[in-house]
Amino acid sequence: MTKLCVIGLGYIGLPTASMFANHGLQVVGVDINPHVIQVLQEGDIHIEEVGLKDFVRTAITSGNLRVQTTPEAADVFIIAVPTPIKPDKTADMRAVVSATEAILPHLRKGNLVVLESTSPPGTTQSLVRPILERGGLLAGKDFKLAYSPERVLPGQILKELVDNARVIGGVDAASAQVGSDLYATFVKGEIVLTTAVTAEMVKLMENTFRDVNIALANEFALLANQIDVDIWEAIQIANRHPRVKILRPGPGVGGHCIAVDPWFLVEAAPTCTPLIRQARIVNDGMPNYVLERAQRALQGIASPVVACLGLTYKADVDDIRESPAVEVLERLIHAGLTVRAYDPHITPTDAIKSHWANSIIEAVRDADLVILLVDHSEFKTLHPDNLTGMRRFYLLDTRQCVDSAVWASIAGYEVL
Ligand code: SAJ
């Protein structure tokens with residue numbers, strides 16, 4: 001029986017640890033946050049993800065998954081800790097460093113260490129490897145070392161963990177092979193073997209591809225607004241071309257991945273990445289554009305009240321990290337407007353509490369403008385009749401969320 005130690009029990013580590021456990025492996029899940037461990041031990045989870053609560057509970061009650069705050073000896077160590085971005089747009093690798101250092105006292109001959117955290121190219125070889133070799137064991141010779149990025153979509157993690165193709169990059173071919181054998185425990189998609197640095201680059205390229213394409217859609221939206229074209233209709237028609245697939249414009253790109261990862265490529269080679277940098281700038285500019293559109297819609301209104309519907313970074317998740325919707329909210333407040341916000345997927349943080357409404361009705365009461373910032377399922381059926389109590393009827397839909405067939409003829413409805 002292989003014993004695993006998974007360091008980091010967040011959006012990736014927790015499903016991964018549970019997945020291995022539910023496939024019969026002995027797993028120790030480690031998180032430095034005692035609150036996370038307590039919540040898990042009480043049979044709950046600290047994040048929202050479809051089907052995850054029952055999945056984790058099954059893993060824990062089977063006895064195959066134990067959770068604790070420190071690592072212990074195991075055959076395999078998986079590092080799945082956050083790699084956020086610093087204010088200067090370079091990667092903050094402190095969690096990877098401390099997770100690797102925490103493994104070091106337990107590292108034995110024959111172990112496999114896999115880094116899953118999204119990381120700048122070269123991290124496995126140049127950052128993780130030297131730390132692990134401090135104890136005298138050599139990567140490739142005494143223990144195996146590989147990089148295998150997670151590529152799952154929040155909202156579909158349990159499905160994509162199994163079905164997606166998986167890339168495993170080793171510091172040598174044997175490390176990649178042992179890593180592949182491990183993930184074959186549950187991965188049904190193709191498992192592709194390569195070098196560690198290629199696997200790191202692949203992960204960053206995927207998210208950068210999406211970021212650049214969303215930036216193009218956003219730029220089209222700005223342009224369409226200036227020349228009075230309905231961007232959604234234009235995209236729909238353009239996408240009938242067999243080789244065109246324009247993504248969806250919106251209030252910006254959020255989440256812990258796509259808004260962050262392209263910067264790791266810019267950091268690696270600033271002079272060859274102007275397009276990647278510019279795409280980030282375009283997407284980061286969208287919350288301000290939403291503010292401008294809101295101000296335009298509110299022109300001439302004294303002491304306007306704005307209702308924001310949706311604060312998460314995208315639909316049907318509870319994650320507000322890097323959320324453009326939160327940034328729009330902050331900008332509206334900063335601009336001196338009275339703002340109320342509602343999101344059915346979150347409990348308000350302290351920063352948001354004073355602007356919080358407990359329902360759509362409460363949020364829109366006496367408002368002069370409603371801005372739809374996230375296309376949550378709950379908002380898709382929003383009907384003009386639900387917006388009763390507004391002082392002035394006006395909806396700005398930044399996500400093409402509501403049914404435009406119902407709304408198009410209604411005065412006071414506009415899309416991004
Ligand atoms: N967005 C748009 N327009 C679109 C698509 C997305 O504005 O057409 C916005 C979303 O609203 C959101 C942001 O982009 O704010 C990112 O959302 P997303 O659904 O594109 O991606 P994430 O961040 O939830 O997950 C991505 C995925 N990467 C790719 O699709 C290439 C996922 O597979 C990765 O595993 C994940 O990043 C990650 O962890 O890196």
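How many nonpolar, polar and charged residues does the shell around the ligand have? I counted nine nonpolar, three polar and nine charged residues. Here Ala, Val, Leu, Ile, Met, Phe, Trp, Tyr, Cys and Pro count as nonpolar, Asp, Glu, Lys and Arg as charged, and the others, Gly among them, as polar.

I note that the model is predicted, that local features need pLDDT of at least 70 and side-chain atom pairs pLDDT 80 or more, and that totals for chains, interfaces and linings use all residues. Residues are numbered from 1 along each chain as its sequence is written, and side-chain values use heavy atoms, without hydrogens and water.

**Ligand**

I found 21 residues around the ligand, a residue being near if one of its heavy atoms lies within 4 Å. The closest are Glu150, Lys203, Arg210, Tyr313 and Arg399. Helix α8 (residues 196–226) gives the largest share of this shell, five residues; helices are DSSP runs (H or I, at least four residues), numbered from the N terminus.

I then looked up distances from ligand oxygen atoms to side-chain N or O atoms. The value is 2.4 Å for Lys203, 2.4 Å for Arg210 and 2.6 Å for Tyr313. The protein covers 88% of the 770 Å² of accessible area that the ligand has on its own (Shrake-Rupley method, 1.4 Å probe).

**Helix pair**

I recorded that Pro262, Trp263, Leu265 and Val266 in α10 meet Ile276, Arg277 and Arg280 in α11, contact meaning heavy atoms within 4.5 Å. By class, this contact has five nonpolar, no polar and two charged residues.

Key
Polar contact = N/O pair within 3.5 Å; in protein donor to acceptor, adjacent residues only side chain to side chain. Helix = DSSP H or I, 4+ residues; strand = E, 2+ residues; numbered from the N terminus.
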